[in-house]
Amino acid sequence: MTDTDILRHIASAFSERKSSAALSNYLVLSNNIKYVNDVLRFAVHVFSGIESAAARSLGTPANCTPDYREPASRAPFTRIIPRVVANGLAVLDKFVLHTAPDDRGGITVENVSKLHRGFMDYNGLVTATRQVVDSLVSDAYQMCLLEPKSLNYHVLVSLNSFDRYVTPSIRQALFTKETSDALAEFRKLSFRDWANSALTRCGEPNFGQKVDFLFRQLGITSEQSFAEELKDIFKFSSEFTHIGYVSTFFSSSQSPEVIFGDDIGPYLPSTENFSELKYRILETVTRLLALVYLPSVTRAWQKMLEANVCMPFAESLAGLVKEMQEHLKTRNAQYYFFVRSGLAKTDKVIELPCICGVVRRWAPPHDSNDLYCKGCGSHFNLMELDGDGGYVITSSGPVRIIGSEAPEFKDLPVVEQVKLMREVDALKRKQPEP
Ligand SMILES: [Zn+2]
C-alpha cells in the first residue's frame with residue numbers, strides 16, 4: 001500500500017460509516033450495568049465511611065507511628081493522604097453517575113430517540129473513565145510510596161501547569177506565599193531534572209510504569225492480564241479525550257437507526273453499543289478499585305497508623321474488597337443444572353432457577369442458544385442424568401434433579417431431610433478425604 005492508498009481508505013472509512021449492529025443482549029447488559037453500578041455505588045459509600053474514621057485517627061499524633069509523627073519528615077503525609085483520598089472519592093462519585101443504567105420508563109416507538117447515544121454520551125462516559133483510571137492509579141502509586149520527593153514532583157508539576165492560565169482570584173484563594181516560593185524553586189530546575197532533583201523525584205513517570213510498580217508492590221503480578229487491561233483502557237480513553245479522530249467519527253454519526261425491541265420495550269442499536277462499552281468500563285474500574293486502589297489505601301494506613309489503631313480499618317477494607325470481588329464473579333458466570341435424561345426432548349417447560357434469583361423458563365423446542373440467564377448473563381450447562389434418582393449431592397448440599405418426581409429438598413419433611421443427610425454423611429465417611 002502507498003501513502004495515498006491509505007489516505008483514500010481513511011477517506012472512505014470516515015465518510016461511509018457502516019450502520020451499527022446490536023451484537024449483545026441489551027436486556028442482559030442493562031441488568032448487569034445496574035448490578036455492577038450498585039456494587040460500585042455501595043463500595044464508594046462504605047469506603048467513604050471507613051475513610052472518614054481513619055482520617056480522624058490520623059489527626060491524633062498519638063495514633064501515628066514514630067516515622068509519621070512531627071517532627072519526622074514524613075509527618076505531613078498524615079494530612080496529605082486524607083486529601084488525596086477525598087479527591088479519589090469525588091472522581092468516583094462522578095464516574096458512578098456516568099455509568100448509571102438507562103431509564104427505559106415511558107419509552108415508546110415514538111420517543112425511542114431519547115435512547116439514542118451519540119457524541120455527548122460517549123464523551124461524558126469516556127472522559128469520566130479517563131479521569132477515574134488516571135487518578136486512582138496515580139493516587140495508589142503515591143500511597144504505596146509515601147515518599148516526600150515523589151509527592152513533591154506530582155504536586156509541583158500539576159501546580160506548574162495550573163498556574164500558567166489560572167485567573168487572579170483563584171490564584172489568590174489557592175496559592176499561599178509558601179506554595180509560590182516552592183513553585184519558584186521548582187521552575188529554577190531544568191526540565192531534564194524535574195524527575196530527579198534535590199526536591200523532586202519520579203521513578204515511574206508513565207501510566208504503564210505505575211501500573212507495573214503497583215502490581216509488584218501489592219503482590220498481584222499473577223493478574224498480569226488485568227494490568228494490560230488497565231493500560232489498554234488508559235490508551236482507549238486517551239484517544240477519546242485528546243484529538244480523537246476515530247472516536248469522534250464513530251460517536252457523532254447521524255445516520256437513522258432501526259428500532260429493536262425486547263421484553264421491556266423499544267431501543268436502538270446505538271443504545272446497545274453504548275451499554276456494551278459502559279458495562280465493560282464499569283467492570284474494569286470496579287476491579288481497579290478492589291484490586292489496586294483500596295489495597296494501596298490500606299498500605300498507607302498501615303505505615304502511618306499504629307498497628308492496633310489500623311487493624312479495624314484494614315479489616316473493614318479487606319472485607320469490602322472480598323465482597324466486591326464475589327459480586328463481580330456472579331456476572332456472566334457458568335452454572336450447571338442436573339436434568340433427567342431426555343427431558344429436553346419432551347414438550348415440558350423446564351424451569352432453570354439462576355443463582356441471581358431470575359428463573360429461566362426454557363420452553364420447547366429447547367433451543368440451546370436460550371440457555372442463559374436474562375438477569376445476569378450467566379450461561380447454563382445441563383448435565384443429563386439417567387435413572388430415576390431424586391437428588392444430586394453437591395458441595396452446597398443436595399440439589400433436586402430437574403424433571404425428577406422428587407420434591408425440592410427443602411420441601412421434604414424434616415425427618416426425610418435428616419435421613420438423607422445421614423446417608424450422605426455415611427457415604428462421605430466411606431470415602432477418603434480429598
Ligand atoms: Zn442470573
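The following paragraphs go from the confidence of the model to its domains and then to one pair of helices.

The structure is a predicted model, and across the protein the pLDDT averages 91, with 97% of the residues scoring at least 70. Confidence is highest in helix α8 (residues 207-217), where the mean is 98, and lowest in helix α10 (residues 245-251), where the mean is 75. Where pLDDT is low, the predicted coordinates should not be read in detail.

The protein is divided into domain 1, made up of 11-147 + 201-329, and domain 2, which covers 334-430. Taken over C-alpha atoms, the centres of domain 1 and domain 2 are separated by 38 Å.

A packed pair of helices can be described by the angle and the distance between the two axes. For helix α3 (residues 77-98) and helix α11 (residues 269-304), the axes come within 11 Å of each other and cross at roughly 165 degrees. Because angles over 145 degrees count as roughly antiparallel, α3 is roughly antiparallel to α11, and the crossing of the two helices is left-handed.

The residues that meet here are Phe77, Thr78, Ile81, Val85, Gly88 and Phe95 from α3, and Val285, Tyr293, Val297, Ala300 and Met304 from α11. Sorted by class, this contact of α3 with α11 contains 9 nonpolar and 2 polar residues, and no charged residues.

How values were computed:
Residues numbered from 1 in each chain as written. Predicted model: local features only at pLDDT ≥ 70, side-chain atom pairs only at ≥ 80, totals over all residues. Axes fitted to C-alpha atoms, helices over the stretch in contact; angles between N-to-C directions. Helix = DSSP H or I, 4+ residues; strand = E, 2+ residues; numbered from the N terminus. Parallel < 35°, antiparallel > 145°, perpendicular 65-115°, else oblique. Left-handed = near helix turned anticlockwise from the far one by under 90°. Contact = placed C-beta atoms within 7 Å. Nonpolar A, V, L, I, M, F, W, Y, C, P; charged D, E, K, R; others polar. pLDDT = per-residue confidence, 0-100. Domains from an automatic or database assignment.
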